[in-house]
Amino acid sequence: MEYKKNDILTVTIEDIGNDGEGIGKVNGYTLFIKDAVIGDTVSCKIMKAKKNYAYARLEKIIKPSAIRTEPLCKYHRQCGGCQIQAMSYEAQLAFKQKKIRNNLVRIGGFEPEFIDGIMEPMVGMETPFYYRNKAQFPVGTDKGGKLITGFYAGRTHDIIANTDCVLGVKENKRILETVIAFMTDNHVSAYDEKTGRGLIRHILIRKGFASGEIMVCLVINYTSNAGNLKEKGGKGEGGGSKAKRKAEINAQTSMENKALKKSGGNGEYFPNQWTLVKVLSEIEGMASVSVSINTERTNVIMGKEVHTIWGKDTISDTIHVRNTSDFALTGKGITFHISPLSFYQVNPVQTEKLYSLALEYAGLTGKETVWDLYCGIGTISLFLAGKAKKVYGVEIVPQAIEDARENAKRNGIANVEFFVGRAEEILPEKYEREGIYADVIVVDPPRKGCDENCLAAMLRMKPERIVYVSCDSATLARDLKVLRDGGYEVMRVRGVDQFGQSVHVETVALLTRKAQ
Ligand code: SAH
């Protein structure tokens, strides 16, 4: 039977794809239906038909699945962020467990029975909402010209107004509403991607969960102070002469500047800046207000420059070691300073669980030399340092290594050394030229996984154990296959849910060297 665009079909969902879409079959013809959940019987409309399969749109749920749940966010279908919010959390964890397992079997070539025998249960979240410590909200205007902030609709750059994302911290709403009200009252324009004009591009908000400190960074299309005040004020500027307006701004600025100088205030990046700073500074926990200058016509959110306009340059957060049997806090913690540009894990509670597992898998006794590849700001390295003789961290971003060194100093950790560079270059170089070896290697690469030269160097170094922390189980499976073929045995695998409501999952795996 052939089907074509706009056909309406009734189907029962039997499986779920890697992006969270429901999968069902009608007369052997496969349908991929976004927002349909395993067990649902739905009617759907074919949007794109191929010979053996089609992408279809969910039209109506005829019989809801037992694992369906009422989503907290009314925008969950439009938004690109939460693909599986309509699934119960338990079912989400089961989906993620299966995703890791299937990748290890299909891509890694491991026997299903072997994987089922070693895989440990998913580490879930106690509350799978309000967990993100960082969010970046685009600013724009709606069709009527009203200033809005929210999120991009899936696969587009259309902003849907919503200040109440259920993954973020409660404070986001007040901060976003404060900024939008300020912009509206003061005729500060939103950046328009299509024209490259307008001032405010994004609002970045970060919160240190342990410290309670909050940071707001406005990403602005700022060229020069005078330019922004005179010309970049946006369409809605109107009212009063420009000269009069500038005089008002200057008077206010000099007054506010004096009041705020103590807190680090310097220049002015947009009209009536200090009015906004004042209201933001009154929000409980507010510790830092900054601007990041980004004048490029790019999808990259943050600019390279950041200027603090009020408060501190960084906020702090503490990551604690947890007991891996029940994930209770053990009391030991490492404190990190985070700037608007620092890379830092977004789910701090689950990160503690993930790192604690990585620490346990590393099996350290205090005598080991450990390499932490793809170390970012040294979070895992510093976690391991307490139980190792020496830890070497490698990271490609120089600023992150500066942060890592500072973080080591701040926490009084002396047995760590950090190198800037590609893991696949630094590791072989240090091993072959300087003879540095490793008892344990920990890797935490980006989604594309480890470079093959990095894996080859790891195999030449013959560490006793390798701990692989991964944010993409497909590349994890590919790399584990290489390590297995190189003489390592996969001993333990465990998924940690860092991103509830989304299809993403972190995995930690332990490999040990087979006796030769
Ligand atoms: N372990 C850290 C960071 C993990 S994210 C943490 O848990 O916070 C992956 C890191 O790898 C990023 O910081 C990225 O900048 C870095 N990276 C990407 N490619 C790299 C390469 N070829 N060599 C070294 N580091 C790399």
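Predicted model: local features only at pLDDT ≥ 70, side-chain atom pairs only at ≥ 80, totals over all residues.
Modeller: Residues are numbered from 1 along each chain as its sequence is written, and side-chain values use heavy atoms, with hydrogens and water left out.

Biologist: What kind of pair do the rings of Tyr 3 and Tyr 29 make?

Modeller: There are 14 aromatic pairs in the structure (Phe, Tyr or six-membered Trp rings with centres within 6.5 Å; planes under 30 degrees apart are stacked, over 60 edge-to-face, the rest tilted). Here the centres are 5.0 Å apart and the planes are at 50 degrees, so the pair is tilted.

Biologist: How many residues apart in sequence are the parts that Tyr 3 and Tyr 29 tie together?

Modeller: Tyr 3 lies in the segment before strand E1 (8–16), while Tyr 29 lies in strand E3 (residues 29–33). (Helices, H or I, have at least four residues and strands, E, at least two; both are DSSP runs numbered from the N terminus.) So the two parts are separated in sequence by 26 residues.

Biologist: And what kind of pair do Trp 371 and Phe 419 make?

Modeller: Trp 371 sits in strand E16 (residues 369–373) and Phe 419 in strand E18 (residues 416–420), 48 residues apart. Their ring centres are 5.9 Å apart with planes at 15 degrees, so this pair is stacked.

Biologist: Is Trp 371 buried or exposed?

Modeller: Buried means under 20% relative accessible area, exposed over 50%, and partly exposed in between (1.4 Å probe, protein chains only). Phe 419, at 12%, is buried. Trp 371 has 0% relative accessibility, so Trp 371 counts as buried.

Biologist: What is the relative accessible area of Phe 327?

Modeller: Phe 327 isn't a glycine, yet has a positive phi of about 60 degrees. Look for Phe 327 in the loop between strand E14 (315–322) and strand E15 (329–338). Phe 327 is buried, with a relative accessible area of 10%.

Biologist: Then what is the relative accessible area of His 187?

Modeller: His 187 has a positive phi too, about 55 degrees, without being a glycine. His 187 lies in the loop between helix H3 (171–185) and strand E10 (200–207). This residue is partly exposed, at 31%.
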